[in-house]
Amino acid sequence: MSTSTSDSKSQERRSVRFWSIFILALMAINLSVALVAIVIAVGDPSFKPVPSYGENAVDWETQKKLQAKSDSLGWTASLNRNPARKEVLVSIIDRVGDPVSGMSGTLRAHHFTRASESVTVPVVESKTEPGRYKADIDVSKDGRWQVTLRLMRGEDEVFFWDHDVEWYH
């Protein structure tokens with residue numbers, strides 16, 4: 001009987017060891033998968049918050065008033081990119097179709113998959129074509145871009161244009 005008791009205890013120890021290792025292995029696999037998911041999420045450059053998101057949320061009402069004031073001017077903007085020269089060409093026309101000149105300001109842009117790489121550059125008016133402006137910015141990546149244009153002429157005329165633009169070759 002003592003042989004059978006020692007065999008039984010030996011078998012019980014092996015069983016405890018097997019199930020302990022099995023459960024610990026499952027936990028290790030689970031933690032490994034979680035670590036891989038965290039590394040992928042943190043390392044992905046497209047998984048970043050939109051620039052100035054908090055500031056825009058706080059100043060939402062101010063932005064809406066600025067947009068309403070800009071809309072009351074009746075001006076429209078059209079943007080074209082020139083990826084070879086790394087620039088954006090902007091045309092501003094008033095409500096009757098005449099070019100709007102004498103403005104200065106900035107253009108901010110980021111690709112939707114790279115929100116953390118937002119760039120703000122000055123907008124310069126063309127010396128030869130009234131109402132035509134240029135911003136030196138690399139927008140050569142195809143896809144959807146968020147573009148914010150803020151131009152001023154004097155203190156009363158502020159043009160604010162915040163849209164997403166799709167650019168493809």
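Colleague: Which strands does helix α3 lie across, and at about what angle does α3 run to β7?

Modeller: Helices (H or I, at least four residues) and strands (E, at least two) are DSSP runs, numbered from the N terminus. Axes are lines fitted to C-alpha atoms, for helices over the stretch in contact (heavy atoms within 4.5 Å), and angles run from 0 to 180 degrees between N-to-C directions. Here, helix α3, residues 60-73, lies across β6 and β7 and runs at about 95 degrees to β7. This is a predicted model, in which local features need pLDDT of at least 70, side-chain atom pairs count only at pLDDT 80 or more, and totals for chains, interfaces and linings use all residues. Residues are numbered from 1 along each chain as its sequence is written, and side-chain values use heavy atoms, with hydrogens and water left out.

Colleague: In what order do the strands form the sheet?

Modeller: Two strands pair if DSSP finds at least two bridges between them. Seven strands form an open, antiparallel sheet in the order β1-β2-β5-β4-β3-β6-β7. At its edges, β1 (76-82) and β7 (157-167) each pair on one side only. Between β2 (residues 87-93) and β5 (residues 132-136) there are five bridges; E87 has D136 as its bridge partner in β5.

Colleague: Is T148 buried or exposed?

Modeller: Buried means under 20% relative accessible area, exposed over 50%, and partly exposed in between (1.4 Å probe, protein chains only). T148 belongs to strand β6, residues 143-153, and counts as buried because its relative accessibility is 9%.

Colleague: Which residue's side chain makes a polar contact with the side chain of T148?

Modeller: A polar contact is a pair of N or O atoms within 3.5 Å; within protein, one must be able to donate a hydrogen and the other to accept it, and residues adjacent in sequence count only if both atoms are side-chain atoms. For T148, the partner is the side chain of D162, at 2.6 Å.
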